[in-house]
Every structure is written in C-alpha cells, then in structure tokens.
Amino acid sequence: MSRLDKATVLGSGVLGGQIAWHSAFKGKTVTVYDIAPDAIERCRAAHDQYAAIYLSEVGADDADIAATRERLTYGTDLAAAVAQADLVIEAVPEIPEVKTALYLKMAELLPPDALVATNSSTLLPRDFAQATGRPEKFCALHFSNLIWAMNFTEIMAHPGTSPQTLTEVTEFAVEIGMLPIPIRKEQNGYVVNTWLVPFLNAAQTLVTNGVATPEDVDRTFLYTGAKFGPLGMMDMVGMKTVYDVLSHWGKESGDAQMSANADYIKNNFLDRGLLGLQTGKGYYDYPDPAYQRPGFLDVPGISAVPDIVSLISPQ
C-alpha cells in the first residue's frame, strides 16, 4: 500500500460521490466534503444506490458494503475534512473561479505532506497550481462517470509537479483498481473529454435546433451496440456539469452554438431542478429510462408511416 491511505473528496456531486464510494470500497479511508448540507444528503442517498450496484454488478457482498460505509465520513467543515488527508481530490463544479477560491481557502488548512489532485474534466492543472500553495504536490487525476465500470483515470502534470507526486498519485490510482492513462502533453479535455465534449455538443445541437428528438439522436447511437446514447450520457454526467463545460468553453472559444446549447440546458433542466440521473429526471426518467425498455429500437409497423412522414421537413 502507498502512504495515501486517507483521502478527502471535495464536492459530493455525481462524480465526487462515485470517487469517494469507490475509493472506500477499495480500502481507503475517505471523507466527503461539500459546502451544502443538502448536497451531502444527496450523496448519502447516491451511496445507497451504489451499494446495490456493487452488490449486483461488482461482486461485493454484504460485508464489503458494511466495510465501505465504515470507511466513509461526510461533512461541511473544510478544515475538519482535510485535517488528516494524505490526498485531497477536488471534484467541485467546472468553474475556474470556484476551484481557485476553494484552493486558496484550503491551502493553509492542509497537512504539510498532503497531495492535491484536481478531477477537472477540461481545465489544466497549471491554472490552479499556485492557488494550492503546494504546486509541486499538485496534479490532475481525472475519473470517468460510472467509475465501477469505466475504471480508468487520466493523470496530467503541470510544469511544477514533482516526480514523487506523480508516482504516489499513480500508485493510489492502481490501488483503487484504476487503469492509469498518462497524459503526455498538457491538453484541455485530456483524452476522454477531447472527443467526448464535441460529441455531446454535436448531439445537443441537434436537439437545440429542433433537428431531431433526444430519443432519435440516441437511437442512432444505440445501434452501435452502446448501452446509452449521448443524451442519456448527459443525464449520467449530470446537467450541471454539462452546462458548466458548454458555458465555459462556449465563451472561451466564441462558439455561439455551444453557448446556445448551454442556455438550452439551463432553461430546460437546471432552472426546473432537473439534474439528470442525480434527481431522477433529465432527458429521461430514472430508474427506468426509455432507452432501456424493450421496443426502443423496434422497427415500427407500416401504419406508423404517415405519422413519421408528417415530421419530415420539406426540402
């Protein structure tokens, strides 16, 4: 075992909650921190759901689940959350100002030897290194949603990251069952989000502009053998994260369509309290989304042809 036995996860959202649960399941002592008590309660509820998933899909037994729960604590006091941490994994919203403010506040609270990693999906570690107060002990450690199945993590350094930090963080990743993906050059979006964000943005463009329904966009992808399509994937990632990414990079790049897609997510989901899988409703209703039901990909009967033709715009 590496010395990184006690981990603190900052942010109890979809992916933060998964990182915390999985790390505890793999034997780490984990503290989950969030600024909002209601977010902590949602995380606890999500952990109940993960317990069922790990029993049915990961091979866990009741003793494993009980041990995982014993290794988890939750809190809204930042100083207490990081006081004993060997490794802090930041998983707060993909908003640079939010991340920077948290790092600045946390810097004076950390134990001297604690390492810090960002789970940012599109932002570079160099953007926050100085704010951590320990740039040599800082890098990116990016996980993917559905961590129990998508068991890889992307590791990216910034110019000031020490080799020892990279060694220890990589050891931690291996110990919790992750395949380390080394990012050999700094790249916004790392590997996964370099292709995933354009993919999701393109799918959202079809919906925003009324070209196709979410269901029909997803149908075209499900025929590849995938278990869910891009709009279903957004539900799993979480609408808040999708919005933050599209909004930030729409502004940064001057991409008006990407910004319009962010506005669509805000108006149709966030403003209505619909966060996707986390709240039980996004593009689909959970736990029984339409794309998992029998018949979603069935060829319609001939009697449906007039209705389909009526939806096709003339050239």
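Contact here means heavy atoms within 4.5 Å. The model is predicted, so local features need pLDDT of at least 70 and side-chain atom pairs count only at pLDDT 80 or more, while totals for chains, interfaces and linings use all residues. Residues are numbered from 1 along each chain as its sequence is written, and side-chain values use heavy atoms, with hydrogens and water left out.

Gln-187 sits in the loop between β8 (179–182) and α7. Helices (H or I, at least four residues) and strands (E, at least two) are DSSP runs, numbered from the N terminus. Beyond residues up to four places away in sequence, Gln-187 touches Leu-124, Met-156 and Thr-194. Its relative accessibility is 37%, and Gln-187 therefore counts as partly exposed. Buried denotes under 20% relative accessible area, exposed over 50%, and partly exposed the range in between (1.4 Å probe, protein chains only). Gly-13 is 174 residues from Gln-187 in sequence and 24 Å away in space, C-alpha to C-alpha.

Arg-71 occupies the loop between α3 (62–70) and β3 (72–75). Arg-71 is also partly exposed, at 26% relative accessible area. Neighbours within four places aside, Arg-71 contacts Ala-24, Phe-25, Gly-27, Lys-28, Thr-29 and Val-30. Lys-28 lies 43 residues from Arg-71 along the chain, yet their C-alpha atoms are separated by 6.9 Å.

The largest nonpolar core holds 68 residues. Such a core is a set of buried Ala, Val, Leu, Ile, Met, Phe, Trp, Tyr and Cys residues joined through side-chain atoms within 4.5 Å. Tyr-54, Leu-141, Phe-143, Ile-265 and Tyr-283 touch the most other members. Apart from this core lies another, of 19 residues, including Ala-81, Val-88, Leu-102 and Ala-114. Contacts of Tyr-54, residues up to four places away in sequence not counted, are Trp-21, His-22, Phe-25, Gly-59, Ala-60, Ile-65, Ile-147 and Trp-148.

In helix α8 (residues 214–222), the buried residues include Pro-214, Val-217, Asp-218 and Leu-222. These four lie on the same side of α8, because they cover an arc of only 135° around the axis. The arc is taken from the directions from the helix axis to the C-beta atoms. An α-helix has 3.6 residues a turn, so residues three or four places apart point the same way. Cover for the buried residues of α8 includes α7 (192–208) and α9 (230–237).

Ile-312 falls in the segment after α12 (305–310). Ile-312 is exposed, with 56% relative accessible area.
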